[in-house]
Amino acid sequence: MIAHAEALLKPLTIRGVTFRNRVMSTSHAPGYGQDGKPQERYQLYHEEKAKGGIGLTMFGGSSSVAIDSPATPWAQISLTDDSVVPYFQSFADRIHRHGAKLMIQVTHMGRRTKDNTDNWMPTIAPSVRREPASRSVPKEMEKEDIQRVVRSFAEAARRAREGRLDGCEISAAHGHLVDQFWSPSVNQRTDEYGGSLENRMRFGIEVLEAMREAAGEDFLIGMRMSGDEMVADGLSQEDLMTIATEYSRRGLVDFLNVMGGQARDHIAHAVSLPNMSFPVAPFLFLPSAVKREVDVPVFHAQRVTDLATAARAVYEGHVDMVAMTRAHIADPHLVKKLQEGRADDIRQCVGAGYCIDRIYVGGDALCLQNAATGREAKMPHVIPKSDAPGKTVVVVGGGPAGLEAARVSAERGHRVVLFEKQAQLGGQINVAAKGTWREALSGIPRWLRSQVTKLGVDVRLGTEATEAAILAEKPDVVIVATGGLPNLGHAKGAAEHVISTWDVLNGKVEPTGSILLYDEQGQHNAASTAEFMAKRGCLVEIATHDRMIGEEIGTTNQPIHIRELYKLGVMMTPNMELIEVYPEGNRLVAALRNTHTDAEEERVVDRVVVDYGTLPVDGLYFDLKAQSANRGQIDQNALVEGRPQPKTGDGFLLFRLGDAVAGRNIHAALYDALRLCKDL
């Protein structure tokens, strides 16, 4: 049991509602909404947390109260009419039967949304100020708009109450409409809603008063807000403390959910949703300061990734309830595991930001290391035993795909042998984790390694799997997860004169002098390597075929890479293709061609480093293919539908996963392994 676990597991009662413990998940937008409703997928995702022992799960981050705050972006929830109420009722019943509480966040996005979705209504704000993140130029709200939106908040609260939810909170954080009125960077009005801080608080007061009247005295209403916007012309810690204390003094809120930062542009967004480059709980001091000044419970979320930190936050009195939102995406059963004395089995969030980054490119939230999250209808978080246990499964390769295949197969009750030719498990993650602030990725193979060890997998490190060694095990199933090796690309002279990002991060080559790094992938690999080399004194230029550096990196991560590259003086050159590398004296000449104009340029450098992804290591697979019953083929329909793979003919079943097939990311490798092996 972790220190001070009793503080975390102690119940909390607010306005007659008792939460069974102090652990919660904040409202967020997983992209699972359908037609503006929380339908089955959305509900199953939250139900898993309820099964896992959570005290409170909130849903519907940015749930819309009016049609000029559209729900379509981020596939979100709409409370604009009563049709949502039955969905709330079934949702509440689903969560309550496991002993957890359910709340929703409601908001009007103001200028922080798009005008070209849903009904194509113009965005609105206190004043005409464009928001950089959403690129929206709003209409200045008239008094009638203010009154209409206030009524919309009230109706939303009524619908939440009728939906049998335990409460709701308004979003006055991340630059939504309520805090747009608060902020002098947005609100330049000269009427009673602008000017002094007292006037700028007026809209939020009217919203909360109307919600209380509509929802009744015994319904929880809280507010999520920043404790310091951390932008030059934004709200200071002093400003926000004044707001928090005044709203609390007036009895407008039953709790405050306090965070740090804002989200008006890319870097502010990355700060407000801190990734693995930040320390754990970097903004805990903000709710702690608010708690000393208000007489309502205070909640907090921001990179609280482990239960020890969460317990300390509650035990020391910094907060009354601590949110572990991304931690529950990684492991929805973390509270239950704590209660059962299995804290070592918790799959800890590494802060990769994959879940959030997907949302901001129109995808759905998926965990980099837990492929069952968001797929609860088909993918199990707890692997059931096989009806026919005792098969022999041979896994070749100890990267993420191989480790997950070994884990799931062992959970099914099979005998598992894992061959790994290197001296340690982890595969390419061991390379990626060496890239400056990406070290936390090492937590993924660390958890998998601990699980396969507990499950009794026969792990043979430093042992290259041969055809003879595999067949000697008399396998029923062979899974080839041998990964990939760096692709040096197709530029003329590349095979002789370039090195890979792997060579740099693994220490095979010590980079010195001037370096051109060419990136064909647009992912973390090249950006991390550029930072790595620049920190060692190299003069680095990173060039890419794409229109910007790290184009495939998401919102919580790309701004951090860009910030670091600027700080380190790295030259960033988009829209270029590497076409040739050749020696000139003791240096190299790299020829680049502009992808738009075809104009060619040359760089004289000491090293050329490239990242073109990987090529499959598939020789063993092809050696075994003819002897297998399925000739190495996966029945794609069975895989997608969650059915077992068919077996026809004699011999073992042969499959290959992850980069041994084609370049895949960590999530894809783990998902491939889970959905295949859960039915073995």
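**Chat about charges, fold and a helix**

Modeller: Starting with charge: this protein carries 77 positive and 87 negative side chains, and the centres of the two sets are 4 Å apart. Lys and Arg count as positive, Asp and Glu as negative, while His and the chain ends are not counted. Each charge is placed at NZ of Lys, CZ of Arg, CG of Asp or CD of Glu.

Colleague: Okay, what kind of model is it, and how are residues numbered?

Modeller: It's a predicted model, where local features need pLDDT of at least 70 and side-chain atom pairs count only at pLDDT 80 or more, but totals for chains, interfaces and linings use all residues. Residues are numbered from 1 along each chain as its sequence is written, and side-chain values use heavy atoms, with hydrogens and water left out.

Colleague: How many helices and strands?

Modeller: There are 25 helices and 27 strands. Those are DSSP runs numbered from the N terminus: helices are H or I with at least four residues, strands E with at least two.

Colleague: What share of the residues is buried?

Modeller: 62% of the 680. Buried means under 20% relative accessible area, exposed over 50%, and partly exposed in between, with a 1.4 Å probe and protein chains only.

Colleague: Switching topic: what does α11 pack against?

Modeller: Its buried residues pack against α1 (5-9), β12 (321-323) and α13 (334-339); contact here means heavy atoms within 4.5 Å. The helix spans residues 307-315, and L307, T309, A310, A311, A313 and V314 are its buried residues.

Colleague: What happens at the start of that helix?

Modeller: A side-chain oxygen of D306 comes to within 3.3 Å of the backbone nitrogen of A308. After α11 comes G317, with a positive phi near 85°.

Colleague: Is R135 buried or exposed?

Modeller: R135 is exposed, at 57% relative accessible area. D598 is not a glycine either, and has a positive phi of about 70°. D598 sits in the loop between β23 (587-594) and β24 (600-605) and counts as exposed, at 53% relative accessibility.

Notes
A polar contact is a pair of N or O atoms within 3.5 Å; within protein, one must be able to donate a hydrogen and the other to accept it, and residues adjacent in sequence count only if both atoms are side-chain atoms.
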